[in-house]
Amino acid sequence: YDRTALPDTYQIIGGFTNNWSTADAIPFENVDGVLTAMVPNLNGSFKIIKNRAWDEQWATNWETNAGLEMNVPYTLGAKVDKDPANLMLANPFATYDNAVLTLAPQKNGDMVLTLVSGTFKVMEANWYLPGTKLGWECKEAQQFTPVEGKTNTYELLAPEFNGEFKVVYGNWAIEFGATTDGETANPWKINEEYSCQVKGGNIPAATETTYTDCTITLVVDYENVVVKALIESEVTALEHTTLSEPAT
């Protein structure tokens, strides 16, 4: 049985397809001569794969680093020396119900993806702060709580905090990380607001100090995709010190 004789197939895969499962990736099917896929709830980040495998994949265009917009053809970045970064919508907080996408392989080898229709709304999800101290998961220990009386403001209390972290919307659907100064990631500092960058790397700490009784506040502008984090503490834990008696 010669599998190489089978025609190639393409699928869209992301958190909306059962957490990046190739088996559940949504196929593009030939509709009147156009490769077309319908995603019931398009949100977060995603990629295009071939034959339900990761050998060939297409996602963010390295040159533009732009997101996908409605009815704007998007030339995808292909896997060459490394995997392309996950593709997101131009507004990463957006979601499209019953999204219809078309995929067009080009003669020059490019692959063009277009979001042709869908019902827009803001994706509803929880905010998390995975990191060195709280653990790199998106569970209750890392989850923010909305602040009563303050719009789009969230709070997380941490008995101790240090090291690197990221800010995550949903179960790793959207990641906000470090802003950069050239190729160097800008560190966070205690009691100073930090503007997070979408798709940024881990946010490093300015010092190795461990801070105690921390209040971590997150303020989000969903329309303009602005996320700011503030880690506050009035007490600094002693590092590498042995106390002769308990201290208050």
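Strands here are DSSP runs of E with at least two residues, helices are runs of H or I with at least four residues, and both are numbered from the N terminus. With that in hand, find Asn 71 in the loop between strand 6 (53-59) and strand 7. Its phi is near 60 degrees, a positive value in a residue other than glycine.

Before you click further, know that this is a predicted model, where local features need pLDDT of at least 70 and side-chain atom pairs count only at pLDDT 80 or more, while totals for chains, interfaces and linings use all residues. Residues are numbered from 1 along each chain as its sequence is written, and side-chain values use heavy atoms, with hydrogens and water left out.

**Zoom out**

Show the whole chain as a cartoon. You'll find 22 strands and 0 helices. The C-alpha trace spans about 75 × 40 × 35 Å along its principal axes. Of the 248 residues, 40% are buried. Buried means under 20% relative accessible area, exposed means over 50%, and partly exposed is in between, using a 1.4 Å probe and protein chains only.

Now think about contacts, meaning heavy atoms within 4.5 Å. Among contacts in the chain with a separation of 6 or more, 60% are between residues 24 or more positions apart.

**Stop 1: strand 1**

Select residues 10-14, which make up strand 1; 5 of its 5 residues are buried.

What does strand 1 pair with? Strand 5 (residues 45-50) runs antiparallel to strand 1 and is joined to it by 5 bridges. Strand 2 (residues 26-27) also pairs with strand 1 in the antiparallel sense, over 2 bridges. Two strands count as paired if DSSP finds at least two bridges between them. In general, strands of a sheet pair through backbone hydrogen bonds, either parallel or antiparallel.

Then pick Ile 12, which stands opposite Ile 26 in strand 2.

Next, go to Trp 20, in the loop between strand 1 and strand 2. Trp 20 has a positive phi of about 65 degrees although it is not a glycine. Is Trp 20 buried or partly exposed? It counts as partly exposed, because its relative accessibility is 23% and buried would need a value under 20%.

**Stop 2**

Look for the open sheet of 5 strands in the order 3-4-10-11-7, with antiparallel pairing. Its edge strands are strand 3 (29-31) and strand 7 (74-75), and each pairs on one side only. Select 94-105 and 111-122 to see strand 10 and strand 11, which pair over 10 bridges. Thr 95 stands opposite Lys 121 in strand 11.

**Stop 3: the cores**

A nonpolar core is a set of buried Ala, Val, Leu, Ile, Met, Phe, Trp, Tyr and Cys residues joined through side-chain atoms within 4.5 Å. The largest one has 32 residues, and Trp 127 and Phe 161 have the most contacts inside it. Strand 20 (211-221) is one of the elements that give two or more residues to this core. With 5 residues, strand 20 gives the most. Apart from this core lies another of 25 residues, among them Leu 42, Ile 48, Trp 58 and Leu 68.

**Stop 4: rings**

Select Phe 93, Trp 127, Tyr 154, Tyr 169, Phe 176 and Tyr 222, a cluster linked by ring pairs. Rings of Phe, Tyr and Trp (its six-membered ring) pair if their centres lie within 6.5 Å; planes under 30 degrees apart count as stacked, over 60 as edge-to-face and the rest as tilted. The whole structure holds 16 such aromatic pairs.

**Stop 5: Ser 233**

Finish at Ser 233, in the loop between strand 21 (226-232) and strand 22 (235-236). Ser 233 is buried, because its relative accessible area is 10%. Which residues does Ser 233 touch, not counting those up to four places away in sequence? They are Ile 190, Asn 191, Tyr 211, Thr 212, Asp 213 and Cys 214. Draw a distance from the side chain of Ser 233 to Thr 212: a polar atom of that side chain lies 2.5 Å from the backbone oxygen of Thr 212.

Definitions and conventions: Polar contact = N/O pair within 3.5 Å; in protein donor to acceptor, adjacent residues only side chain to side chain.
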